[in-house]
Amino acid sequence: MSQYNITVVGTSYVGLVTAVALAECGHIVTCLDVDENKIQRLKSGDPVIYEEGLKDLMVKNKDRLIYTDDVKSAYKGADVTFICVGTPSREDGSANLDYVFKAAEDVINNIDRDVIMVVKSTVPIGTNDKLQKHIDESNCDFDIEVVSNPEFLSQGTAVKNMLNADRIVIGTESDNAKRIMAEIYEPMGRPIVFTNRCSSEMIKYASNDFLALKISYINEIANLCELLGADVKDVAAGMGMDPRIGNKFLNAGIGYGGSCFPKDTKALYSLAADHGYDLKLVKATMEVNELQKMRLLEKSRQYYDSLEGLNVAVLGLTFKPGTDDLRDAPSIVNIPEMLKEGANIKVWDPIGVGNFLKNLDMIDECDTDMITVCDTPIGTLDNADICFIFTEWDEIKRMEPEDFAGMNNMIVLDGRNCFDVKKMRSANIIYSSIGR
Ligand code: UDX
């Protein structure tokens, strides 16, 4: 096995998981981040983010992992650099590439040998070619070959997704870069797709946008099921048995959130528009998702004209279970609306509360004193006039109909289809979910 010296820049979720997985493959990995506090925590063995299996692998590979905030020393001796910095959405939906270009500049200015510069950050199609051109025009003393290598990590299963990747996509036309990349990933023994840089970048966006489209599609079918008396769970199960469709990502719900689907749909749409192409299906995917996020609040109108003065229980805040991430989570758009109407809100989430509280300042003109954080789902329901479920945590799915008995009015609006409809209704709960 060939061992490489690798510097990974950016130690958030993608960077850290990548670094730890590369160390697990036997490489010597330097993790660079500008955040000194984060580096101190990483040095002390604290992964900073919660991701299953990450801490164990950090400990196991500690002799091959170096953490630093010193740009000058981080690239000394590096054969390969991985850029894993953020590409947040700009106002117009396009991806902001400032961090990527800044990281590349640091590589140019600090390397002491020829390197392969791997870009893992999700960047618009054509960015890696532009980066190569920029590097070729700079006065760097060494050769830098830019390689696109997108990530396909899901939060909560990122370590598993990385080490057991369905495919590793490598965008380069250089034989030298192909050989080195194949050697880096060789210990994982996973299938590799070699292509050019633009196709590699497109594989990432097309994959994420297709998954988002699949979710919006099943959500629309679910809404129609409600009107026609069909059950979307059975419909999805029946559809999914056709291998051409596949049974994954057909769970109807209150819309997708997270750090990728919302950002990547916006970015591809905006990129297409810049090239004079109207990407209609992606646009529809986003529109359906925005409407779907408000679906439960809309349903609540059947029972109350307004939530003013009502006790509202919210179970689940994060965009999905197994993460403390609230980015683009349905809760983030629903709770401000509830507050504006004057509801008294109690919330429960097993790990998302800390981030939720940090996010409260995003909620302008709302009286956040009206929010109480509870320790248990049952405590949240005490005296509630209505309950909204935004995340399908196991603790919620394990609840029994009698757990809702403490509500003033047993109205449960479930955005993640956590319960059996008949069982809930036979306990006299007014239960409404998505597409059933
Ligand atoms: C996603 C992709 O899965 C991953 O490959 C990519 O690299 C990053 O984006 P992630 O954002 O972590 O990963 O979450 P994922 O599990 O895909 O779920 C995204 C959102 O879609 C969640 O809000 C989830 O609740 C929702 N979802 C997912 C559905 O509503 N229905 C489904 O069937 C699946």
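**Ligand shell, salt bridges and exposure**

Reply: Helix H9 (residues 197–228) gives the most to the shell around the ligand, namely 3 residues, where helices are DSSP runs of H or I with at least four residues, numbered from the N terminus. The model is predicted, so local features need pLDDT of at least 70 and side-chain atom pairs count only at pLDDT 80 or more, while totals for chains, interfaces and linings use all residues. Residues are numbered from 1 along each chain as its sequence is written, and side-chain values use heavy atoms, with hydrogens and water left out.

Me: Why is the pair of lysine 60 and glutamate 24 called a salt bridge?

Reply: The term requires a side-chain nitrogen of Lys or Arg within 4 Å of a carboxyl oxygen of Asp or Glu. For the side chains of lysine 60 and glutamate 24 the N to O distance is 2.8 Å, so the pair qualifies. This pair links distant parts of the chain, with lysine 60 in helix H3 (residues 54–60) and glutamate 24 in helix H1 (residues 13–24), 36 residues apart.

Me: Why is lysine 60 called exposed, and why is glutamate 24 called partly exposed?

Reply: Buried means under 20% relative accessible area, exposed means over 50%, and partly exposed lies in between (1.4 Å probe, protein chains only). Lysine 60 has 57% and is therefore exposed, whereas glutamate 24, at 27%, is partly exposed.

Me: How do you know that lysine 340 and glutamate 337 are about one helical turn apart?

Reply: Both lie in helix H14 (residues 330–341) and are 3 residues apart, which means a separation of about one helical turn. Lysine 340 counts as exposed because its relative accessibility is 52%, while glutamate 337 is partly exposed because its value is 30%.

Me: Why is leucine 224 called partly exposed?

Reply: Leucine 224 has a relative accessible area of 42%, and is therefore partly exposed. Leucine 224 lies in helix H9.

Conventions
Helices (H or I, at least four residues) and strands (E, at least two) are DSSP runs, numbered from the N terminus.
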